Amino acid sequence: MTISNYDIQPLFATPFFRADVGHAISNEQIEFISNLKMIKNRENYISENLYIFEEPELKSIAEVIQEALDIYANKVLGIPQKIYVTQSWSLVNQSNVGMHSHAHSNSFVSGVLYYSELPMPASRVIFDRDLMYQRIKLVPDADKANLYNTPTNVITPKSKEVLLFPSEVNHAVEPNGSTQPRRAISFNCFLKGKLGDFRDVSELHL
């Protein structure tokens, strides 16, 4: 006798949000961000200013990012708390430069905004499902990869698009295969509001 009738259902899922926000980005803002003072990072270049969304010149961009965060909190997570940007910075990946696998500490949600045109081919973002060292690492056959077994997920970003994802998810960026610089803004976010329950002695006001 063989099993002919079975069902597979997901228990949990990791949310990944993407939205076109090009309507809130002007050519003047692109030029302003592109002219920010940059300093050498581990592999690429990072803006000296790590709170660029606080610049008055980027007001409309900061507002549309907040709108995206409000949608993420309300429609994706279904929570009453407010998600707000803590730090925000510009990044430039020169030719053949990517970004090592990493996650963001002291942050609840992280995001990236591709505010200008992306050089082609667009370097993809690679998300790793493992949050730490795995004693048993199973890699599925290429033709059998699915939602339940794939160790990584790859996203190809688009120009004028914002991406949001949980900060604890490890992610990397492929090397820039173009001769043109790859520009983006990254940002971290945290929660504001009441967490927990008073009677359960877990209440926390942020």
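This briefing covers a surface patch and some salt bridges. The model is predicted: local features need pLDDT of at least 70, side-chain atom pairs count only at pLDDT 80 or more, and totals for chains, interfaces and linings use all residues. Residues are numbered from 1 along each chain as its sequence is written, and side-chain values use heavy atoms, with hydrogens and water left out.

**Surface patch**
- Ile3, Tyr6, Ile8, Leu147 and Tyr148 make a nonpolar surface patch of about 630 Å².
- Patch residues have over 30% relative accessible area and no salt bridge; like charges are joined within 9 Å, and nonpolar side chains (Val, Leu, Ile, Met, Phe, Trp, Tyr) within 5 Å.
- Accessible areas come from the Shrake-Rupley method with a 1.4 Å probe, and for residues only the protein chains shown count as cover.
- Ile3 is exposed, at 71% relative accessible area (exposed is over 50%, buried under 20%, partly exposed in between).

**Salt bridges**
- The structure has six salt bridges (a side-chain nitrogen of Lys or Arg within 4 Å of a carboxyl oxygen of Asp or Glu).
- Asp70 and Lys82 form one, with their closest N and O atoms 3.3 Å apart.
- Asp70 lies in helix α2 and Lys82 in strand β4 (residues 82-93), so the pair ties together parts twelve residues apart in sequence.
- Helices (H or I, at least four residues) and strands (E, at least two) are DSSP runs, numbered from the N terminus.
- Glu48 meets Lys37 at 3.5 Å, N to O.
- Glu48 is partly exposed at 45%, while Lys37 is exposed at 54%.
- Glu203 and Lys194 pair at 3.9 Å, N to O.

Definitions and conventions
Buried < 20%, exposed > 50% of the residue type's maximum accessible area, 1.4 Å probe, protein only.
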